[in-house]
Amino acid sequence: MQTFQQYIGGAFEDADTTFDSRDPATGAPWAKMPAASEADVDRAVTAAEAAFFSSDWAEMTATQRGKLLMRLADLVAENAQRLAELETRDTGKIIRETSAQIAYVAEYYRYYAGLADKIEGAHLPIDKPDMEVWLRREPVGVVAAIVPWNSQLFLSAVKIAPALAAGCTVVLKASEEAPAPMLEFARIFDQAGFPPGVLNVITGGPQAGAALTSHASVAHVAFTGGPETARHIVRNSAENLASTSLELGGKSPFIVFDDADLESAVNAQVSGIFAATGQSCVAGSRLVIQKGIKAEFLQRLKEKAEAVVIGMPQDMDTEVGPLCTLRQRDHAVRLIEASLQAGARLVTGGVVPEGQGYFFPPTVLDCSDAPTAPCLSNEFFGPVLSVVDFETEAEAVEIANNTAFGLASGVFTQNLTRAHRMIRKIRAGIVWVNTYRAVSPIAPFGGHGLSGHGREGGLQAVLDYTKLKAVWLRTSDDPIPDPFVMR
C-alpha cells in the first residue's frame, strides 16, 4: 500500500502512528496515512510560529507573497489531474467532479495572490490638531485550518490562500477520513518556494484537533465541518482566546414556484442534491414546491433520479459514486427508516444496492404529510432529498426558515418582484435565484445560525486574517502638557 507523510517545518516525515485509508468504491484499504500525535501538533505550530516571525517571511513584501501564491496556483493547475485522481480514490467523489473542481481551485490562489498587496489601512481625521492617526492591517499570526474530506482542496484553498496573502502562517489538519489529496498538496506547496514552516500539513483524529485548536500559539482557527465538532473547537479556543471562523453544515431549502421553468429547476435540483453524491454542505436537501406543480415536478425528478448512472468513481460516465464512509451510509439508512415511520413517502431510491463499496442511490422522500419527519431537520450528507409543498409565498418563507441552519438557499421563479422579496426574507448566507451550487473566489461564502459564522471567499475573507493596529504620531514640537490629563 502507498504510504503518505506529514509536512512539518518544510520537511516530509513519517508519523509514529499510521492508519489505513479505505477506498469507498471497494471498502478495501489502499494507503497508510500518518496520525499526528500531540507532539507532532506542537512541532507543527512551533514551526509555523518560527516562520511567522522569521525575516524570510515577516520581511517579505506583500507583492512578493502574491507572486509566491501565483506560483502555487500554477502548480495546482499543473497537478490538478493527479490531485483529482487521488481525491477520487480516497473519497469516492466522481472523477468528473474532482477534475473540474480542482482545476478551478487554482483560481482561488490567483485571486488572493492579486489581493495580497491590496490590503490597505486608513487615515483617520482625528479630533486633535497635533496628531496624525492611521490604521495598519497586520496578520493575526498562526492559523489552524481544519478541513473535512469532501472538496478538501477547495475548502483548504479558501483558508490557506487568504491567510498567506495576509502574511499569516498555517497549520492545516486534514480529515482523518481520506486525507491523501491534502498530503499530496503539501508536496506541490513545497515546490512553490515558500519559506519552511509557512504551511504545515498534518492529519489525525480528535486528539490532534484538540491539541491544535487549544495550542497557546494559535491565533485563529478556521474550521469547516459539523456543528458538534465546532462546539468543541469554540471550547478549546477559550484556552488561547483564538478567533474563529466556522463553516458548518446546512439543510438548505430549494424553493420552486409554479411560474418557474420546470426543466431548468429540475436539473438544478438534481445538481443540488445528487451531484457530489449529495456530500456537500450547500446541498439543496429540502425541496419546497408549490402544490400546483408538485406532481409534475416529482415525476420529472423521479425519472432523472432513476436514470442517474451509478458506478465506479474513476469512470467519466459515472454520475453518482459511493459515499465516503460506511458510517455515512448507515446514517442515511437509519434516517430514512425513521422518516418513513414518521409518515414520509418514498418516491424513489432508499435501498442499498448489493455488492461492495459504500454506494447509495438517489433518493426522494415526500414529507408533505409528515412535517415532523427527521429527514427534514437532519443533515444526511448523501443523495437524499426531502420534499414539502406550499400554497402561498408566506408559507414558502416560513418553511424555508424553519431550520436551525442557514447556509444556502435556492429560489426558482420568473417573477422579479417575488424574487427580491424572497431574497430579503430568507435567512441564509447564500441565495441562488434560478440557479444553484455556483461558486467563485470573488464571492463570499458562509452562513447563519448552526451553519456558522465568518466568510470564506471574497475580500472579507482576507481581512478576517488581519488585525488592526492604530498608530498615533504627535506632530507638535512643544513639550507634552499636563501628564495627568488624558489627551
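**Cavities and rings in a predicted model**

Biologist: Hi! How many cavities of 30 Å³ or more are there?

Modeller: The count comes to two. A cavity here is a set of points, on a 1 Å grid over the protein atoms alone, where a 1.4 Å probe fits but cannot get out. This is a predicted model, where local features need pLDDT of at least 70, side-chain atom pairs count only at pLDDT 80 or more, and totals for chains, interfaces and linings use all residues. Residues are numbered from 1 along each chain as its sequence is written, and side-chain values use heavy atoms, without hydrogens and water.

Biologist: Nice. What volume does the second largest cavity have?

Modeller: About 60 Å³, taken as the space filled by probe spheres set on the points, which are joined across faces, edges and corners. It has 15 lining residues (an atom within 4 Å of a point); Pro253, Thr403, Phe405, Gly406 and Ala408 are the closest to its centre.

Biologist: And the largest cavity, how much space lies in there?

Modeller: About 70 Å³. Its lining has 14 residues, with Ala283, Ser285, Glu379, Phe380 and Phe381 closest to the centre.

Biologist: Switching topic: which ring has Arg187 over its face?

Modeller: That is Phe12, with Arg187 at 4.0 Å from the ring centre. The rule wants NZ of Lys or CZ of Arg within 6 Å of the ring centre and within 35 degrees of the ring normal. Likewise, the charged end of Arg418 sits over Phe257, 4.3 Å from the ring's centre.

Biologist: Are Phe189 and Phe194 buried or exposed?

Modeller: Both are buried, meaning under 20% relative accessible area with a 1.4 Å probe, protein chains only.

Conventions
1 Å grid on protein atoms, 1.4 Å probe; cavity = no way out; pocket = protein on both sides within 12 Å on 5 of 7 lines; lining within 4 Å. Buried < 20%, exposed > 50% of the residue type's maximum accessible area, 1.4 Å probe, protein only.
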